[in-house]
Amino acid sequence: MAPASIFEQILDYANRANPYPLYAELRETPVTREADGTYMVSTYDEIVALLHDPRVSSDPHNRPQPASTAAASPPGLPPPFIQLDPPQHDRLRALATWPFGPPHSPGRIDGLRPWLAETTTALIDTLAGKDQIDLVDDFAYPLPVTVICHLLGVPREDEPRFHGWTEAIIEVVDPTTGSFDQRLRRRTQVDAELRDYLAGLADAHLRQPGDDLLSGLLTETDAPGGPMARDHMLATGSLLLVAGHETTVNLITNGMLTLLRHPHVLDRLRHQPDLAVPLVEELLRYEPPVHFLTSRTALADIDVAGTTIPAGAPITLVLAAGSRDPDRFDDPDRFDPDRSDNQHLGFGSGIHYCYGAPLARVETQIALPELARRLTNPRLVVDPPPYRPNPALRGPRHLPIEVDRVTA
Ligand code: HEM
């Protein structure tokens, strides 16, 4: 039997807690070909070049084999824009951006700050009286669902249903929760429920538009080509939930884990909450929630670092390896929130650069200093903590910590 390739070792759960030495090995050859014909790209400049290359597609229809269902659209809906190439991608992303960010809605995310601070405070209040906390289940997991529900205009009483759906969506990629067929059936059912729920919500928002994102998508008649067609709006609503949940959970959890491993930085954050801004960028570089993108396909022969990736070949871009490339970052394995010039790949790059980045940043910039301030003498119970199986969206399943107390 052939020895496991470096990438196969990265996929091995035994290496989930610390894949970084394997990424360093991978970078020794910037482009490698796996036995199944996939090309792995692991160095910063090469990844960025491919993320900006119009000969690289994100459309699963261009792949030789049927693509993973992990990001597929709910049954009966068109593909979400993360799976489309220009010009369809650009048209839908522009429509989705109209009610979400600059230049037309510059205040959407900044305007959320007071509400986000209140929501974070209320969630930490629920921890009062505990001396053992699971930072995943008790904090990082519920926060992003509450936020996305607020943004989409989901009534408060319906929020628990969203928590159930996000759980099922995450479980689909977790092999410990049942056979692949069982998980696929569950995912299809959840997708259909979510689609039907969003359709009902859209009807309600059309009758009585509010100041939420769904109402914005449905009524943006001033936007060129707008408003977004109803089926695209439903696919976009599901995409925001799927793309924004586990990633944000992992950023907050990886953040607390890293701070607990670097107590002097945790202490600085307690007294200097502004540190949260560069700190979050450094976390996105040093312990990113998205380790690699498996969604790309070459549309033509592409020469990269002396290797030709042939037309039709699947490409995996190992963002987490690129963000620790010593040719791009000084002393890349050092966690340094004071680092200047931190153009990490945590949110990708190019036309698919994370749409939700402003929201994820603000959420985490508020959450981490507030946890630092209110948890007295927090200590890791186990290090490393147990990880979720997923190697691409990597993060702890639980992060048990002990505290002396939770202050007001
Ligand atoms: C820390 C949290 C997050 C991380 C690390 C993250 C990471 C990423 C990355 C790496 C991509 C690029 C994917 C690609 O090139 O194929 C991406 C795209 C995307 N993200 Fe995020 N994301 C986060 C949070 C969010 C949130 C909160 C939302 C929604 C509100 C969101 C919505 C999206 C969407 C819609 C895309 C597709 C953009 C496009 O295709 O043009 N993300 N994200």
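A: An oxygen atom of the ligand lies 2.6 Å from an N or O atom in the side chain of His352. This is a polar contact, that is, a pair of N or O atoms within 3.5 Å; within protein, one must be able to donate a hydrogen and the other to accept it, and residues adjacent in sequence count only if both atoms are side-chain atoms. The model is predicted: local features need pLDDT of at least 70 and side-chain atom pairs count only at pLDDT 80 or more, while totals for chains, interfaces and linings use all residues. Residues are numbered from 1 along each chain as its sequence is written, and side-chain values use heavy atoms, with hydrogens and water left out.

Q: How far is an oxygen atom of the ligand from the side chain of Arg93, and how far from that of Arg296?
A: The distance to an N or O atom is 2.7 Å for Arg93 and 2.8 Å for Arg296.

Q: Which residues around the ligand come nearest?
A: A residue is near a molecule or strand if one of its heavy atoms lies within 4 Å of it. Of the 28 residues around the ligand, the nearest are His89, Arg93, Arg296, His352 and Cys354. The shell comprises 17 nonpolar, 9 polar and 2 charged residues. Here Ala, Val, Leu, Ile, Met, Phe, Trp, Tyr, Cys and Pro count as nonpolar, Asp, Glu, Lys and Arg as charged, and the others, Gly among them, as polar.

Q: Which element gives the most to the shell around the ligand?
A: Helices (H or I, at least four residues) and strands (E, at least two) are DSSP runs, numbered from the N terminus. Helix H11 gives the most, with 7 residues. Helix H4 (88-97), H11 (230-261), strand S5 (293-298) and helix H15 (357-374) each supply at least two.

Q: Which protein atom is the donor to the iron atom of the ligand?
A: Donors are N, O and S atoms within 2.8 Å of the metal (3.2 Å for Na, K and Ca); water is not among the atoms, so sites may look incomplete. The single donor from the protein is Cys354 (SG), 2.3 Å away. Cys354 lies in the loop between helix H14 (319-322) and H15.

Q: Which strands pair with S5?
A: Strands of a sheet pair through backbone hydrogen bonds, either parallel or antiparallel. Two strands pair if DSSP finds at least two bridges between them. Strand S3 (residues 56-57) pairs with S5 in the antiparallel sense over 2 bridges, and Ser57 stands opposite Thr297. Strand S8 (residues 314-317) is joined to S5 by 3 bridges, also antiparallel; there, Pro314 is the bridge partner of Thr297.
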